[in-house]
Amino acid sequence: MTEKNIIKTIREVVSAIDSIPPRKRLKQTESWLRERFPTPHPVKVRIEKFKNENICGECFRRNGYVVIRINSIFSIHEQISSLIHEWAHAMTWPNKRLERAGFNEHSDIWGLAYAKVYREWFDMCGFLTSSGLDIKENIVKKFMSDWENK
């Protein structure tokens, strides 16, 4: 695969992913996260307009669930980034005892969880495999192989 063909393939894939309606794309990302990154507590994800327009997402515990809220006014890319950030919180949410003791929400453990999800999303083509598009696995492998050998 030549560099020109790689660039063409990337453009086609990105265009196809960008054509997916934003809410559906966020749901695909949520499904990918659920499948790949288990959480100690059940998670509910809500997409809604926040009163505070400066916040893209938040995560809190309610009735035994971790609730992730994503602000619908942001771009789909910002919403996905926020969902990944908040999912790392859900992965590392402490037990009630740690919670009462003032557990630091951006702890080292959270940072490791975030890095794991982030790397799989960006470095391991999670953004492609989560899209639901019929992207042939051999094209992705060939693309990654050619990219690494440059």
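**Ground rules.** I am working with a predicted model, where local features need pLDDT of at least 70, side-chain atom pairs count only at pLDDT 80 or more, and totals for chains, interfaces and linings use all residues. Residues are numbered from 1 along each chain as its sequence is written, and side-chain values use heavy atoms, with hydrogens and water left out.

**Elements.** I looked up the secondary structure and found seven helices and three strands. Helices here are DSSP runs of H or I with at least four residues, and strands are runs of E with at least two, numbered from the N terminus. The order from the N terminus is α-α-β-β-β-α-α-α-α-α.

**Helices α2 and α3.** I took α2 as residues 22–36 and α3 as residues 76–91. Their axes (lines fitted to C-alpha atoms over the stretch in contact, with angles from 0 to 180 degrees between N-to-C directions) come within 10 Å and cross at roughly 25 degrees. So α2 is roughly parallel to α3; angles under 35 degrees count as roughly parallel. From α2, the contact (heavy atoms within 4.5 Å) uses Pro22, Arg25, Leu26, Thr29, Glu30, Leu33 and Arg34. From α3, Ile76, Gln79, Ile80, Leu83 and Trp87 take part.

Cys56 is buried at 17%. Cys59 is buried too, at 16%. I then looked for disulfides (pairs of cysteine sulfur atoms within 2.5 Å) and the count was zero.

Conventions:
Angles under 35 degrees count as roughly parallel, over 145 as roughly antiparallel, 65 to 115 as roughly perpendicular and the rest as oblique. Buried means under 20% relative accessible area, exposed over 50%, partly exposed in between (1.4 Å probe, protein chains only).
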